[in-house]
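Please keep the sequence and the model in view while reading.

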Amino acid sequence: MVDTAKPVTGPWVISIVPVGCPNDLAGVPDGYIRAWEEHVGPVEPAGGDREDWIEMCARLYWGVRNLGDDAIVRVHGRWRGDDTSLAGLPHLGHVLAHCQTPDQVADSSLAARYRLNPVVRGLMHRPSETCSIEPPDVRAAFARLVDRGVTSFFVKYAVREKALPNLPLDGTDPDALSEQVSDWLDGNWESMRAEGVPDALLVQKRVRMEYEYRVFIIGDEPVCGAGNIGVLTPVNNEARFDPKMQWTRTDMDRSTVERRPDLAERYREAAVRFGRALAGNGYGAYVLDLCLIDGEVSIVELNGMMNAGLFALDMDALTRAMRARPGQFVPVSLGGLLADRDACPVPV
């Protein structure tokens, strides 16, 4: 992780992917449109995903507004500068766009390795095991969970975020369950990346998660948060810890969005406790996804912040907090080249 005791010199880099503009521009602030036209190009309906485009505009507009007059806007695919000159600089945006190959993960946070942290595993409030992709190890992981009374499972590929879809399984025969995991991995090139990785899989009890919520944490302090609602963006923000939530995340119907300020406050209070409990693990700037499991605030997962979805986030609060702690936002590689090791050593 970045040594935050060292000052980070130089401007911020705002990394923007020029996604297509949506056909529906209703409700998009004029400031977003002007920022896009100035730094990316004309705002013309092109059938792009509305939520993706607005999130990208939000990063651009609030980054330019709050991260300093000397901020560099780097539009992926159009940057004509020298990427090596950006090494050691703090970034807002899609840092993976700077890498030559997918396995050069650039987010400096170690949060994606939450599965190895016993404190996190305890706060998940559901039994879980890690294992390699080798069938005997997978079988043993299922056997341990079956011995604890688990009959419904959720398998997550943990080597690279979202590289494979999650696998739900039911049963009590560890051999049969292991065979289904082998079928899931069979013929997928991604499994080659997992060879020799002892914790490539996270096998956990499948539970009902309600009112999923994302909290953005810098260091050990929650900065802001919003419900995990895919149809909402920072344009819809109404509070630092936005109260809008849905009972189930997969529901794409806006009519089911609820205002739950009471639960937003519970999540904020839990994030304060959890953030302090997880301090010192090298997580740096990360997103903490929370939910209710049987009425108890529980951790869904952790991930680095740089590429995280924003939902109805308070971008003003986030970017002001980012400017105060730039050392948390220096990626580990740029353009396939390692950043300055003194400023940002490669995590192991």
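Helices and strands are taken here as DSSP runs, a helix having at least four residues and a strand at least two, and both are numbered from the N terminus. The model is a predicted one.

Begin with the parallel sheet. It is open and has 3 strands, in the order β2-β1-β3. The edge positions belong to β2 (72-75) and β3, and each of these has a single partner strand, so one side of each is left without a neighbour in the sheet. On average, neighbouring strands here are turned by 20° against each other, with direction ignored. Between β1 (residues 13-16) and β3, the parallel pairing extends over 3 bridges. Within that pair, I14 has L92 of β3 opposite.

A search of the whole structure for cavities of 30 Å³ or more finds 1. The volume of the largest cavity is about 70 Å³. Which elements each supply at least two residues of its lining? They are β3 (91-93) and α8 (315-324). The residues around the largest cavity include L92 and G93, as well as L318 and M322. Sorted by class, the lining comprises 8 nonpolar, 1 polar and 1 charged residues.

Next comes a pair of helices. Helix α1 (residues 30-39) packs with helix α2 (residues 50-66) at an angle of about 85°, and their axes are 9 Å apart. Angles of 65 to 115 degrees count as roughly perpendicular, so α1 is roughly perpendicular to α2. From α1, the contact takes in G31, Y32, A35, W36 and H39. The residues on the α2 side are W53, I54, M56, C57, A58, L60, Y61, W62 and V64. By class, this contact has 12 nonpolar and 2 polar residues, and no charged ones.

The other sheet is antiparallel. Its 4 strands form an open sheet in the order β4-β7-β5-β6. Here β4 (128-131) and β6 (167-170) are at the edges, and each has a single partner strand, so one side of each is left without a neighbour in the sheet. Neighbouring strands of this sheet are turned by 20° against each other on average, again ignoring direction. The antiparallel pair of β4 and β7 (residues 201-205) is joined by 4 bridges. In this pair C131 stands opposite L201 of β7.

Two helices are placed against these strands. Helix α4 (residues 135-147) packs on the sheet and touches β4, β5 (152-157), β6 and β7. The direction of α4 makes about 170° with that of β4. Helix α5 (residues 174-185) lies across β5, β6 and β7, and runs at about 155° to β6.

Conventions
Residues numbered from 1 in each chain as written. Predicted model: local features only at pLDDT ≥ 70, side-chain atom pairs only at ≥ 80, totals over all residues. Heavy atoms only, no water. Pairing = 2+ DSSP bridges. Axes fitted to C-alpha atoms, helices over the stretch in contact; angles between N-to-C directions. Contact = heavy atoms within 4.5 Å. 1 Å grid on protein atoms, 1.4 Å probe; cavity = no way out; pocket = protein on both sides within 12 Å on 5 of 7 lines; lining within 4 Å. Points joined across faces, edges and corners; volume = space filled by probe spheres on them. Nonpolar A, V, L, I, M, F, W, Y, C, P; charged D, E, K, R; others polar. Parallel < 35°, antiparallel > 145°, perpendicular 65-115°, else oblique.
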